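Notebook open, structure loaded. I want to go from the overall fold down to individual side chains.

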Amino acid sequence: MPLLLELAQAVLQFRIDITLFLVLLNFYAAERESTIAHLLPDILRYAREAAACEDTSARLGGVQLQIALESLAESISEQVLQGGHQPVDEVFNAFERRED
């Protein structure tokens, strides 16, 4: 699934961006729905659904996206939320609340 692989690449690029340029998180979108923090829970759901598919390419794309999201969650937890190791869902929910 090329779309899932592209999403995984975009997630990893965002992780690199916030690692190198944490100041990017100080800019706020005009609409809450257009923030990455708002989209991450949905992207995580897509990854989990794809990872559970019977189709091999969809499953592979889903797993790769999950790995990228786990890496991003770890970076967000450490650099933005100053929290310890937390489940991905909790990190993304806390990140979204921070953006409100």
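I started with contacts: of those in the protein with a separation of 6 or more, 58% are between residues 24 or more positions apart. This is a predicted model, so I keep that in mind throughout.

Next I looked up the secondary structure. I found four helices and zero strands, in the order α-α-α-α from the N terminus. Of the 100 residues, 34% are buried.

**Helix α1**

I then went through α1, residues 2-20. Its 19 residues reach 27 Å from first C-alpha to last, close to the 27 Å expected at 1.5 Å a residue. Which of its residues are buried? I get Leu4, Ala8, Val11, Phe14 and Ile18. Looking down the axis of α1, I see these fall within an arc of 120 degrees, so they line one face of the helix. I checked what covers them, and the cover includes α2 (36-51) and α3 (56-80). On the other side of α1 I noted Pro2, Glu6, Gln9 and Leu20 as exposed.

Leu20 came up again when I searched for patches: with Ile16, Phe21 and Val23 it makes a nonpolar surface patch of about 390 Å². Ile16 sits in helix α1. I looked up why Ile16 counts as partly exposed: its relative accessibility is 37%, between the 20% and 50% cut-offs.

**Salt bridges**

How many salt bridges are in the whole structure? My search gives three.

I took the ones on Arg45 together. Asp42 and Arg45 meet at 3.5 Å, N to O, and Arg45 also bridges to Glu49, again with the closest N and O atoms 3.5 Å apart. That links Asp42, Arg45 and Glu49 in a network. I have Asp42 as partly exposed at 30%, Arg45 as partly exposed at 39% and Glu49 as partly exposed at 44%.

The other entry is Arg48 with Asp89, at 2.8 Å, N to O. This pair links distant parts of the chain, with Arg48 in helix α2 and Asp89 in helix α4 (residues 88-99), 41 residues apart. I logged Arg48 as partly exposed at 37% relative accessibility, and Asp89 as partly exposed at 33%.

How values were computed:
Residues numbered from 1 in each chain as written. Predicted model: local features only at pLDDT ≥ 70, side-chain atom pairs only at ≥ 80, totals over all residues. Heavy atoms only, no water. Helix = DSSP H or I, 4+ residues; strand = E, 2+ residues; numbered from the N terminus. Buried < 20%, exposed > 50% of the residue type's maximum accessible area, 1.4 Å probe, protein only. Contact = heavy atoms within 4.5 Å. Expected span 1.5 Å × (residues − 1). Arc of directions from axis to C-beta. Patch = residues over 30% accessible without salt bridge, like charges linked within 9 Å, V, L, I, M, F, W, Y side chains within 5 Å. Areas by Shrake-Rupley, 256 points an atom, 1.4 Å probe, with all protein chains shown as cover. Salt bridge = Lys/Arg side-chain N within 4 Å of Asp/Glu carboxyl O.
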